Amino acid sequence: MTDKPRDGPVKTKASGLSRRSFIRYSAAGAGVAVVGGGIAVMANRPPLSPRQQGLPRIPDWTAADIPSLRGRSALVTGGNGYPVGDRSGLGFHDALQLARAGADVIIASRNQERGEQAVRRIKATVPGASIRFETLDLSDLASVANFAERMRASRGSLDILVNNAGVMGRKNREVGPNGVERVFATNTLGHFALTARLLPLLRESKSPRVVWVSSSRSFMGAIKLADLQLAQVYDYGAAYDNSKLANLMLAFEMQRRSAAEGWGISAIASHPGIARTNLVPDGPGLDSLEGRNHRYMPFLFQPPAQGALPTLYAATSHQAAAGGYYGPNGFLGLGGLPGWAGIPEKADDQQVAARLWATLEQLGDVTFGRIG
């Protein structure tokens with residue numbers, strides 16, 4: 001069951017006219033999807049699942065609707081992508097609005113200089129904000145363990161965990177400090193290990209929430225337990241898609257386990273639609289298919305502050321449902337205010353989710369166990 005890299009060279013799949021070319025419409029490929037293949041997108045976009053049918057429409061909701069969070073604590077992974085030009089990280093806006101609502105916020109990322117600068121910018125915007133930076137490299141399991149140990153030693157509870165940090169693969173396969181493929185390590189395995197290690201703090205909170213950030217393109221992902229890290233044939237888009245499908249499945253599986261085992265934690269998923277972030281420039285680059293969409297069709301990308309709203313809704317709204325999935329409510333789910341996001345049928349495969357969970361416990365050297 002353990003997914004280990006194989007020896008020898010890894011084949012890299014070309015990123016030309018592929019399965020992504022006409023249906024990739026999310027954070028990296030909206031231009032091609034909408035302009036070159038809108039019909040294909042609408043045909044493939046997952047509808048509301050049977051378990052979502054009949055749910056009431058979510059009223060218009062913005063950051064101004066975040067309830068008071070005074071006395072509550074929040075951890076946002078990532079969050080150091082402060083605005084530069086028209087781009088910024090989604091986590092920065094998560095942290096900004098949580099701090100504005102009065103929460104005690106921690107930004108956790110691997111870049112100390114940028115993280116501390118993000119904190120200074122938020123404090124300048126929100127005088128008196130309670131926010132600080134902590135070093136965390138999600139691609140390094142030792143860093144995850146050390147961070148969680150510091151957290152457990154410095155506080156007695158944690159109210160909100162936003163598993164936001166994410167990377168997109170570059171054109172050639174890369175591995176992190178543990179020899180684990182970089183996208184899988186950062187987006188999925190690191191967050192899973194972090195959540196497991198912070199579970200005792202979450203359980204000490206009143207009405208704790210864990211928000212798993214997925215993607216509107218998760219429906220193109222696949223969970224291949226024999227090759228989670230794409231060690232056989234690498235494709236940077238597939239690496240991202242697969243990690244975001246995994247995050248969605250983990251949100252649902254965590255909620256099932258929380259309900260069955262009495263953790264008292266609400267696990268919720270969200271996605272930002274498409275937003276002007278540095279995901280593509282820092283990943284495959286602006287000369288990639290996705291990068292050309294950034295350059296030539298910028299009008300398709302919504303402001304990052306708006307892209308952060310579904311995650312903020314999941315993290316703070318009294319109406320957000322445990323086990324729910326939220327994304328933008330606009331055209332094709334690309335932009336807009338928070339609404340219900342369609343769930344890919346494969347994301348509700350409970351047998352695969354349980355096997356994925358067990359595999360990640362093994363790879364991450366963690367266990368959620370049966371507590372209490």
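I take a salt bridge to be a side-chain nitrogen of Lys or Arg within 4 Å of a carboxyl oxygen of Asp or Glu. The model I am working on is predicted.

Entry 1. I checked Glu-174 and Arg-182 against that cut-off. Their side chains meet in a salt bridge, at 3.6 Å from N to O. I then looked up accessibility for both partners. Arg-182 has a relative accessible area of 11% and is buried, while Glu-174, at 26%, counts as partly exposed.

Entry 2. I searched the whole structure for such pairs and found 12 salt bridges.

Entry 3. I looked at Arg-51, which pairs with Asp-348; the closest N and O atoms are 3.0 Å apart.

Entry 4. Glu-253 and Arg-257 both lie in helix H6 (residues 236-261), four residues apart, or about one turn of the helix. Their closest N and O atoms are 2.8 Å apart, and I record the pair as a salt bridge. Glu-253 is buried, with a relative accessible area of 6%; Arg-257 counts as partly exposed at 21%.

Entry 5. I looked for salt bridges with shared partners. Arg-132, Glu-134 and Arg-150 are joined in this way into one network.

How values were computed:
Residues are numbered from 1 along each chain as its sequence is written. This is a predicted model: local features need pLDDT of at least 70, side-chain atom pairs count only at pLDDT 80 or more; totals for chains, interfaces and linings use all residues. Side-chain values use heavy atoms; hydrogens and water are left out. Buried means under 20% relative accessible area, exposed over 50%, partly exposed in between (1.4 Å probe, protein chains only). Helices (H or I, at least four residues) and strands (E, at least two) are DSSP runs, numbered from the N terminus.
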